[in-house]
Amino acid sequence: MKDERLEQQFKEYFDGVDVPELPNNIVADAKKSVQRRESRLPRFAKIASIAASFVLVFAVAAVVIARTDFSAFAPDAPGASQIKTYGVADVEHTERSAYELSSFDKSLKFVENLAYLPQADVKTAVTYNFADGAKAFAYAEVTLISGARYDAEIYVEFAQDTFEPLKDYSGGTSGTYLGIPYRLTKEIADNGEPVNKLLVERGGVKYYFNVQSSDENSYLKCIELLLQN
């Protein structure tokens, strides 16, 4: 039950109490304190926002790194792309007549044909075998006059591995001529003439030409010779 008399007494007491006014300096200090707190809050919010952004960036970066396959950028594993080679000590040579080269292997027929041409000269013809009798490669030095002078060293290799001095040929620029794919490296001789180093693979046989000529595209002549084989 509501006591109206007691409620009236409390009302009269509080109405009669004088609440002192706070000094101005205390009020001012309080306002400054509130202002400082209000001014700090946005700055703190900015710092928190920047920190959150960095956390997000690092998190995304971590996911990207975890999912990236770095094997495409890493160097090849030792021996993964290395060409297997053999040297002079692994083969035995036999000097031959240029007119009988096709009897050693039919792929040498184009060199034999050059020996019969009046405008060509096959100066050297040598074949090489491994100790077990398997064919390694054949070598010939040829000079041909056909619009220009062509001085060429020719290697025809039958081995699956590569003769050590020839391994750099495979690093040449790739191309195709008359349907024949090739690798080509262009150099300049001491006398200023262009040198074309050509590699062609056909029927499991590798043909190497080192041609010096005033004809900058002397390698095309070599491919044309192979097509006559």
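**Salt bridges and the main pocket**

Glutamate 187 is partly exposed, at 37% relative accessible area. Lysine 197 is buried, at 18%.

Bear in mind that this is a predicted model. The chain has 5 helices and 10 strands, and buried residues make up 29% of its 229 residues.

The count of salt bridges is 6. Another one joins the side chains of lysine 135 and aspartate 105 at 2.9 Å. Lysine 135 sits in strand E4 and aspartate 105 in the loop between helix H3 and helix H4, so this bridge ties together parts 30 residues apart in sequence. Lysine 135 is partly exposed at 33%, while aspartate 105 is buried at 16%.

Next, lysine 206 and glutamate 157, whose side chains meet at 3.2 Å. Here the link runs from strand E10 to strand E5, 49 residues apart. Lysine 206 is buried, with 8% relative accessible area, and glutamate 157 is buried with 0%.

Lysine 206 brings me to the largest pocket. Its volume is about 190 Å³. Of the 13 lining residues, Ser170, Arg183, Leu199, Glu201 and Lys206 lie nearest the centre. Strands E8, E9 and E10 each supply at least two residues of the lining. By type, the lining divides into 7 nonpolar, 2 polar and 4 charged residues.

How values were computed: Residues are numbered from 1 along each chain as its sequence is written. This is a predicted model: local features need pLDDT of at least 70, side-chain atom pairs count only at pLDDT 80 or more; totals for chains, interfaces and linings use all residues. Side-chain values use heavy atoms; hydrogens and water are left out. On a 1 Å grid over the protein atoms alone, a cavity is a set of points where a 1.4 Å probe fits but cannot get out, and a pocket is an open set with protein on both sides within 12 Å along at least five of seven lines; lining residues have an atom within 4 Å of a point. Grid points are joined across faces, edges and corners, and a volume is the space filled by probe spheres set on the points. Helices (H or I, at least four residues) and strands (E, at least two) are DSSP runs, numbered from the N terminus. Ala, Val, Leu, Ile, Met, Phe, Trp, Tyr, Cys and Pro count as nonpolar, Asp, Glu, Lys and Arg as charged, and the others, Gly among them, as polar. Buried means under 20% relative accessible area, exposed over 50%, partly exposed in between (1.4 Å probe, protein chains only). A salt bridge is a side-chain nitrogen of Lys or Arg within 4 Å of a carboxyl oxygen of Asp or Glu.
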